Amino acid sequence: MRKFIGIILLFIIGWGIVVSLKEIPFGEQKSKVGKYYIEKGKEETGASNIVTSVVVNYRSFDTLGEVTVLFLAAIGLGAVLATFQRKEKIKVEPSSLILYTGCRFLFPLILLFGSYIFIHGHLTPGGGFQGGAVIASAFVLVYLGCRGKRINETGSKIAESLGGLTFVILGLVGLAVGGQYFLLNFLPKGEFNTLFSAGIIPIIYIAIGFKVGAELSGIIDQLMEES
Amino acid sequence: MINFLQNNIFYISAFGLILIGLFIMLSKRNLIKVIIGLSILETGVNLFIVTLGFLSKGTAPIFSKSGLDMQKMVDPVPQALVLTAIVIGLAVLALALSLAIRLYNHFGTLNLQKIKEQKW
């Protein structure tokens with residue numbers, strides 16, 4: 001009965017989707033905003049990756065909100081699991097030498113790759129969110145491979161707070177220097193398509209990378225502790 | 001019919017994912033399965049938003065070398081939206097799973113119908 005009602009509902013929704021999507025052609029230029037960003041973004045922000053210039057320059061206030069949502073989710077997870085108590089402690093066997101050494105060898109390389117992704121966020125595909133996710137995957141490897149090792153909680157908290165602070169303080173400095181709007185790109189743009197270009201964009205993306213990496217590894221730490 | 005499928009394959013797959021996720025969420029009683037359905041639905045929504053900005057024979061909106069045609073670049077705005085939405089979706093999934101852990105610990109079951117003291 002439940003499934004039957006579900007299928008009927010799905011048919012109604014699917015029909016509505018087909019009717020509304022008939023008007024939207026696939027694979028054609030639709031929005032004027034995206035066109036404006038592509039044409040003007042190069043001069044206005046100095047970043048060669050237009051997606052980055054949208055995320056960190058044109059829509060950076062939204063990104064601040066999204067980083068806050070991520071922070072809230074991490075805090076909520078900690079609060080939900082905080083009062084949870086295990087009845088019996090399961091003893092974990094230490095992992096074998098080969099696994100342990102391999103994980104310890106791979107860990108700094110993955111960290112390096114993640115930081116490459118978020119430092120070059122304004123030049124190549126990638127950025128703070130992706131680089132942070134790669135860094136968190138390095139911590140997953142350590143948790144699975146080198147059993148018993150934990151991340152430094154104070155260090156991760158400091159990285160997270162510094163990332164958020166850098167974002168907000170750069171925005172306020174932009175407001176004070178330019179006097180026009182929050183998160184103004186006040187630093188010199190530099191030479192196009194080089195590492196030191198695009199003003200505050202790489203700094204903010206590095207801050208986001210640290211924040212996202214610390215938050216996601218904190219989430220992994222919390223979940224690993226409970227399981 | 002084949003032509004229609006070829007032209008709209010991305011829309012069809014995106015909404016296929018959304019409808020599958022919705023159906024799982026409506027019909028399953030296990031909380032973990034409901035969360036899996038939520039995740040599938042989210043993937044479909046992300047795929048749909050990226051698809052809206054697609055341009056036939058387009059390139060990525062990155063000026064990595066000179067001589068790239070601006071008219072052929074895909075829309076950057078949907079990509080920027082989805083980029084953050086994926087990471088937030090991951091965090092929301094983790095939050096939902098932690099709630100499931102607490103529910104299982106408290107009631108001893110993940111079946112939504114067997115959980116008493118429901119307020120709805």
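**Figure 1. Surroundings of Val50(B) in the predicted model.** Val50(B) counts as partly exposed because 18 C-beta neighbours lie inside 10 Å, and a residue needs 20 or more to count as buried. The model shown here and in the other views is predicted. Val50(B) belongs to helix α3 of chain B, which covers residues 31-52. Setting aside neighbours within four places in sequence, Val50(B) is in contact with Pro78(B), Gln79(B) and Val82(B). Gln79(B) is 29 residues from Val50(B) in sequence, while the two C-alpha atoms are 5.8 Å apart in space.

**Figure 2. Chain B on its own.** Chain B has four helices and zero strands. From the N terminus on, its elements run α-α-α-α. The radius of gyration of chain B is 20 Å, well over the 14 Å that the globule rule gives for 120 residues, so chain B is more spread out than a compact globule. Taken along the principal axes, the C-alpha atoms of chain B fill a box of roughly 65 × 35 × 20 Å. Of the 120 residues in this chain, 29% count as buried. Among the contacts in chain B that link residues at least 6 apart in sequence, 53% join residues at least 24 apart.

**Figure 3. The side of chain B that touches chain A.** Here 40 residues of chain B are in contact with 46 residues of chain A. Two helices of chain B, α2 (9-27) and α4 (76-107), each supply at least two residues of the chain B side. The most comes from α4(B), with 17 residues. By residue type, the chain B side divides into 28 nonpolar, ten polar and two charged residues.

**Figure 4. The largest nonpolar core.** In soluble globular proteins, nonpolar side chains tend to be buried together. The largest nonpolar core in this model has 51 residues, and Val54(A), Ile204(A), Ile208(A) and Ala91(B) touch the most other members. Helices that each supply at least two residues of this core include α2 (32-45), α3 (50-58) and α4 (60-82) of chain A, together with α4 of chain B. α8(A) gives the most to this core, with ten residues. A second, separate core has nine residues, among them Ala14(B), Leu19(B), Ile24(B) and Ile40(B).

**Figure 5. Helix α3(A) and Val54(A).** How many of the nine residues of α3(A) are buried? Nine of nine are, and the helix is mostly covered. The buried residues include Ile50(A), Thr52(A), Asn57(A) and Tyr58(A). Val54(A) is also one of the buried residues of α3(A). Leaving aside neighbours within four places in sequence, Val54(A) is in contact with Tyr37(A) and Arg59(A), and also with Pro76(B), Val77(B) and Ala80(B).

**Figure 6. The pair of helices α5(A) and α6(A).** Two packed helices are described by the angle between their axes and the distance between the axes. The axes of α5(A) and α6(A) come within 8 Å and cross at roughly 175 degrees. That makes α5(A) roughly antiparallel to α6(A), because angles over 145 degrees count as roughly antiparallel. The residues of the contact between α5(A) and α6(A) divide into 15 nonpolar, nine polar and no charged.

**Figure 7. Surroundings of Tyr100(A).** Tyr100(A) is found in helix α5 of chain A. Is Tyr100(A) buried or partly exposed? With 16 C-beta neighbours inside 10 Å, Tyr100(A) counts as partly exposed. Not counting residues up to four places away in sequence, Tyr100(A) touches Ser95(A), Gly145(A) and Cys146(A). Glu44(A) lies 56 residues from Tyr100(A) along the chain, and 49 Å separate their C-alpha atoms.

**Figure 8. Chain A on its own.** Chain A has eight helices and zero strands. Read along the sequence, its pattern is α-α-α-α-α-α-α-α. The radius of gyration of chain A is 22 Å, whereas a compact globule of 227 residues would have one near 17 Å. Along its principal axes, the C-alpha trace of chain A spans about 60 × 60 × 35 Å. Buried residues make up 33% of the 227 residues in chain A. Of the contacts in chain A between residues at least 6 apart in sequence, 71% join residues at least 24 apart.

Technical notes:
Residues numbered from 1 in each chain as written. Chains lettered and ligands numbered in written order. Predicted model: local features only at pLDDT ≥ 70, side-chain atom pairs only at ≥ 80, totals over all residues. Contact = placed C-beta atoms within 7 Å. Nonpolar A, V, L, I, M, F, W, Y, C, P; charged D, E, K, R; others polar. Core = buried A, V, L, I, M, F, W, Y, C linked by C-beta atoms within 7 Å. Buried ≥ 20, exposed ≤ 12 C-beta atoms within 10 Å, placed from the backbone. Rg over C-alpha atoms; globule rule 2.2 N^0.38 Å. Axes fitted to C-alpha atoms, helices over the stretch in contact; angles between N-to-C directions. Parallel < 35°, antiparallel > 145°, perpendicular 65-115°, else oblique.
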